[in-house]
Amino acid sequence: MHIVLQLIPKKYLIGGTLILLGLSGLLVMSTIVAITGEFEKDSQQSDVTEIEGGGIGVGTANVSPEVMKYQPLLEKYAQKHGLDASYVPIMMALMMQESGGRGNDPMQSSESFCGSVGCISSPELSVDKGVLHFKSVLEKAHYDLKLCLQSYNFGGGFINYVMKNGGKYTPELAISFSQLQYQKVKHTGNYHCVRPEMVPYSACYGDAKYVDAVLKYYTGTITADGKPAAPASGGSGGKSGVKVIDAGKTLIGKTRYVFGGGRSQSDINAGRFDCSSFVRWAFEQVGMNVGPMSGVTTDTLKTQGQAINPKDMKPGDVVFFDTYKIDGHVGIYVGNNQFLGCQGKTGVAIASMAKGTYFGERFNGRVKRF
C-alpha cells in the first residue's frame with residue numbers, strides 16, 4: 001500500500017483528501033438537520049400527545065386473572081369491529097361466565113362461528129369471533145343489553161320471541177322461552193337443567209338466569225340505550241357545574257400532564273394527571289362517579305351523560321376535541337369560550353376554545369352533561 005501511495009502524485013492525494021473531508025462534513029450536517037427537524041416536530045406536537053390508554057370502559061369487570069389477560073385483545077377487536085369500548089367490561093364478565101378465561105375458546109364462540117362446538121382452537125380467534133358475534137346480537141336486540149346477553153346463551157331465536165312479546169327482555173320471558181324450547185328437545189336426552197331452581201319450571205333449555213350470572217361479575221349500571229355506565233348523580237350544568245369547576249380550579253398550578261397519569265392515588269397525590277383522569281377527579285370531588293379511576297379515558301367519558309347542543313352549553317358541561325384522534329382531548333366548559341383541562345404544556349389550566357385558537361379549531365361539537 002505504501003508503494004502505491006508513492007506512485008500517486010501528491011496533488012491528487014491532497015485533492016482526494018479534501019473531497020473526502022467535504023463529503024464527511026455534508027454527512028454530519030445532514031444528520032444534525034434530521035435530528036433538529038425531529039426535535040422541532042416533537043416540539044410542535046407537544047399539545048397533541050394526549051394519547052389515552054385502552055382502559056376497560058365505564059364499569060368494572062370483577063373477573064379472574066385468566067380473564068383479565070384478555071382485556072387487550074377484547075379492546076383490539078372491539079375497535080376492529082366498531083364496538084364501543086364501554087362494552088369491554090361486559091364482555092369480560094361474559095367470558096368469565098363462559099369459561100373463566102380457560103381453554104382455547106374462552107368466549108365459547110365456535111358454535112356461532114362455524115355451527116359446531118370445538119371448531120375454534122385459537123384463543124385470539126375466539127375473541128375475534130366472539131366480539132363480532134356479541135356486536136351482531138347487540139344490534140339485533142336493538143341495544144337491549146340484557147336481551148343481548150341472554151341471546152348469547154339462547155341463540156337468536158330468543159330475540160324474535162321477545163320482539164313478539166313486548167319487545168324488551170324480562171326474566172319471565174327468559175324462563176318461558178326456555179320452557180318452550182325444552183319441550184321441543186327434551187326427547188333427545190341431551191338437555192338437562194343447569195340450575196336446580198329451574199327444574200320445577202321445566203325451563204331446562206340453556207341458562208334462563210344467564211343475565212344475572214354474567215352481571216354478577218360486573219360493577220356498574222346500564223343506561224336506557226343499553227350502554228354500560230358508572231353510577232352517577234346530579235347534573236353538571238348550572239349550580240353543580242360551578243361546583244365541579246371550583247373543585248377543578250384548586251389544581252391549577254399544582255399539576256403536570258403525564259400520559260396515563262391520575263389512575264392511582266399516588267399519582268393524584270403527586271399531581272400527575274392527563275385530560276380524562278383530571279375530569280374524572282373533578283367530578284368525584286362533587287360526589288359524581290363518572291368512571292373507575294383505573295379505567296377512565298376520553299372514550300369512556302363520551303359514552304356518559306346527556307348530549308347537549310353546543311349552543312346550549314353551560315359551565316360544568318364536558319367538551320371534547322379532535323386532537324390526535326376523534327375525541328382525543330376532553331375538558332370542562334367554564335363559560336366565555338374557555339374550558340378547564342389538563343393540557344400537555346400547562347398541566348391543569350384554563351384554555352381558550354374560541355375560534356382561531358388551537359382548541360377552538362379542534363372543538364368537535366361534542367358536549368355532554370353529566
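## Ground rules

Two rings of Phe, Tyr or Trp (its six-membered ring) count as a pair here if their centres lie within 6.5 Å; planes under 30 degrees apart are stacked, over 60 edge-to-face, and the rest tilted. By that rule, F154, F158, Y161, Y169, F177, Y191 and Y205 make up one aromatic cluster.

This is a predicted model, where local features need pLDDT of at least 70 and side-chain atom pairs count only at pLDDT 80 or more, while totals for chains, interfaces and linings use all residues. Residues are numbered from 1 along each chain as its sequence is written, and side-chain values use heavy atoms, with hydrogens and water left out.

## Overall picture

The protein has 15 helices and twelve strands; these are DSSP runs (helices H or I, at least four residues; strands E, at least two), numbered from the N terminus. Of the 370 residues, 44% are buried, meaning under 20% relative accessible area with a 1.4 Å probe and protein chains only (exposed is over 50%, partly exposed in between).

## Two cores

A nonpolar core is a set of buried Ala, Val, Leu, Ile, Met, Phe, Trp, Tyr and Cys residues joined through side-chain atoms within 4.5 Å. The largest one has 53 residues, and L74, M91, F134 and F158 have the most contacts inside it. Helix α5 is the top contributor, giving eight residues. Setting aside neighbours within four places in sequence, L74 touches V88, M91, M92, M95, M107, V127 and V131, with contact meaning heavy atoms within 4.5 Å.

There's also a second, separate core of 25 residues, including F273, W281, M288 and V290.

## The sheet

Six strands form an open sheet in the order β7-β12-β8-β9-β10-β11, with antiparallel pairing; strands pair if DSSP finds at least two bridges between them. At the edges sit β7 (306-307) and β11 (347-352), each pairing on one side only. Strands β8 (318-321) and β12 (363-369) share three bridges, and V319 stands opposite V367 in β12.

## Aromatic pairs

The count comes to 17 aromatic pairs. Take F154 and F177: their ring centres are 5.1 Å apart and the planes are at 45°, so this pair is tilted. F154 is in helix α8 and F177 in helix α10, so the pair ties together parts 23 residues apart in sequence. F154 is buried at 5% relative accessibility, and F177 is buried at 6%.

F321 and F339 make another tilted pair, 4.7 Å centre to centre with 40° between the planes. Here F321 comes from strand β8 and F339 from strand β10, so parts 18 residues apart in sequence are tied together. F321 is buried at 0% relative accessibility, and F339 is buried at 0%.
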